[in-house]
Amino acid sequence: MKKLSVAMCLFFSGLILETAADPLFYGQSYGFVVNDPAGFVAAMDEYRESEAGQSSPAMPVLVQNIVNGDYASTHQVSVFYPSTQAMDRSVAINSASPDWSKFQGKIRQLARPEWENVYAIQLAKVKKDPTTLDNAVSIVYAMTVTDVAEYVSAFETLLESDEVKAFPGNIYLGQNIAAGNVPGTHFVTFVAESRGELIEHIMKVQGSPAMAIYSRAVAGIRTVEATNMFREVKRWVPTIN
């Protein structure tokens, strides 16, 4: 990669992005019931230090679930790609790599997969570089949306409100592409630097006039399916060539 794309700038800087004609970036997440968390991290470290891991344009992020509803999974791995081309490049690297096969064998011994999904991030408001948030904690609202254009319009209005502008962390709107057994068509993620900071400011947003206006605007087109919380354990930032 000769230069950073807009999506990679979202990973590596404090850039504020609110909307784009195309998705800002893409992701695939996997839920695991992990029986050896330290071993799981070590396996991911080993793979990312391998030739295949060093060549991959993907950014894996390991999180530990705090609130996870009906799911048994203790952890999630979210793998982010700046473009669909980067996704294909990552798949090609792994398919030809003995490092990837070795990594998959270790993960099968350390954890049991429970769910996975593929999605695109459509809108974002980013105040802080995600790679610098050592204690990042997120709340995710999974939703089923029946009128996407109307919903996005209401969400953009919410993002422009003073209450949401005061939120100290990052906010993302994602659209599921292939959800498997994960309910919902879309999700909104709020990210802050600690559990306390996240909860404090989420409560301020929820009690604000802007949220009341947003809730009325989406009442007939959005159903909240789940609200989950997790904390980031480790992020493996790709090498940029």
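User: How many aromatic pairs does the count come to?

Analyst: This is a predicted model, in which local features need pLDDT of at least 70 and side-chain atom pairs count only at pLDDT 80 or more, while totals for chains, interfaces and linings use all residues. Residues are numbered from 1 along each chain as its sequence is written, and side-chain values use heavy atoms, with hydrogens and water left out. Rings of Phe, Tyr and Trp (its six-membered ring) pair if their centres lie within 6.5 Å, and planes under 30 degrees apart count as stacked, over 60 as edge-to-face and the rest as tilted. By this rule the count of aromatic pairs comes to 15.

User: How many residues apart in sequence are the parts tied together by the pair of phenylalanine 25 and tyrosine 172?

Analyst: Phenylalanine 25 and tyrosine 172 form an edge-to-face aromatic pair, with 6.3 Å from centre to centre and 80° between the planes. Helices (H or I, at least four residues) and strands (E, at least two) are DSSP runs, numbered from the N terminus. Because phenylalanine 25 lies in strand β1 (residues 25-34) and tyrosine 172 in strand β6 (residues 170-178), the pair ties together parts whose separation in sequence is 147 residues.

User: Is tyrosine 172 buried or exposed, and what is its relative accessible area?

Analyst: Buried means under 20% relative accessible area, exposed over 50%, and partly exposed in between (1.4 Å probe, protein chains only). Phenylalanine 25 is buried, with a relative accessible area of 4%. Tyrosine 172 is likewise buried, and its relative accessible area is 11%.

User: Are the rings of tyrosine 151 and phenylalanine 155 stacked or edge-to-face?

Analyst: Tyrosine 151 and phenylalanine 155 both lie in helix α6, four residues apart, which is about one turn of the helix, and both are buried. Their ring centres are 6.1 Å apart and their planes stand at 20°, so the pair is stacked.

User: Which exposed residues does the face of α6 turned away from its buried side carry?

Analyst: The buried residues of α6 include Tyr151 and Phe155. On the face turned away from that buried side, the exposed residues are Ala149 and Thr157.

User: Which elements are included in what covers the buried residues of α8?

Analyst: In α8, the buried residues are Leu198, His201, Ile202 and Val205. They cover an arc of only 110° around the axis, which puts them on the same side of α8. What covers them (contact means heavy atoms within 4.5 Å) includes β5 (137-145), α7 (162-165), β7 (186-192) and α9 (209-218).

User: Which side chain does a polar contact join to that of arginine 235?

Analyst: Arginine 235 lies in strand β8 (residues 222-235). A polar contact is a pair of N or O atoms within 3.5 Å; within protein, one must be able to donate a hydrogen and the other to accept it, and residues adjacent in sequence count only if both atoms are side-chain atoms. At 3.0 Å, such a contact joins the side chain of arginine 235 to that of glutamate 232.

Note on methods: The arc is that of the directions from the helix axis to the C-beta atoms.
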